[in-house]
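Hi,

Here is the structure I promised to pass on. Have a look at it first, and then read my notes below.

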Amino acid sequence: MDWSDVARSLTGLANLATASPDGEPHVSVVLPYVEDHTVWIFTRASSGKAKRVAANGKVALMWRPGAEAYLWGTAEVVDSPTERARLWAKPDLPFDPAGFFGTYDHPDHVLLRITPTRATVMVDGDGGIRRLTWRG
């Protein structure tokens, strides 16, 4: 299985699991954007998501409501107006970020960049439903 097989399954809302520095888990609903081998999440610097990722970059995502799609990876907070402007201009974003953040250069707007390390997706093929695993 290659990354393109995984990326096709990563659409719509997802649950993002993060953990505090002491390991306390937390789950948030997010609308990720998949670009090449990177998963992006728009958020606020003041959000719990950004604070937990800054302290502990290990994350997991589960997409819903379609077939099972899970992803594990390492996340980092990206506070770059240039990167935000670049992503903001993408015509295929799953939502209009202006409704949440106003402008790309809003001082509380940051990105979470997730580098996937592995993923598991359920696919329906000739042999029926199969669980496939990708490792980066």
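Asp-36 sits in the loop between strand 3 (33-35) and strand 4 (38-44); strands (E, at least two residues) and helices (H or I, at least four) are DSSP runs numbered from the N terminus. Although Asp-36 is not a glycine, its phi is positive, about 55°.

Before you go further: this is a predicted model, where local features need pLDDT of at least 70, side-chain atom pairs count only at pLDDT 80 or more, and totals for chains, interfaces and linings use all residues. Residues are numbered from 1 along each chain as its sequence is written, and side-chain values use heavy atoms, with hydrogens and water left out.

Next, the core. The largest nonpolar core has 21 residues, and Leu-16, Leu-61, Leu-71 and Ile-114 have the most contacts inside it. Such a core is a set of buried Ala, Val, Leu, Ile, Met, Phe, Trp, Tyr and Cys residues joined through side-chain atoms within 4.5 Å. Elements giving two or more residues to this core include helix 1 (3-7), strand 1 (14-19) and strand 7 (109-125). Strand 7 supplies the largest share, four residues.

Then there is the largest pocket, with about 160 Å³ of space. On a 1 Å grid over the protein atoms alone, a pocket is an open set of points with protein on both sides within 12 Å along at least five of seven lines, where a 1.4 Å probe fits; lining residues have an atom within 4 Å of a point. The volume is the space filled by probe spheres set on the points, which are joined across faces, edges and corners. Among the lining residues are Val-29, Ile-41, Lys-49 and Phe-95. Strand 4 gives the most to this lining, with three residues.

Now the rings. Phe-42, Phe-95, Phe-100 and Phe-101 are linked into a cluster by ring pairs, meaning rings of Phe, Tyr and Trp (its six-membered ring) whose centres lie within 6.5 Å, with planes under 30 degrees apart called stacked, over 60 edge-to-face and the rest tilted.

Finally, Gly-48 lies in helix 2 (residues 48-55). Gly-48 and His-26 are 22 residues apart in sequence and 9.0 Å apart in space, C-alpha to C-alpha.

Cheers

Notes
Buried means under 20% relative accessible area, exposed over 50%, partly exposed in between (1.4 Å probe, protein chains only).
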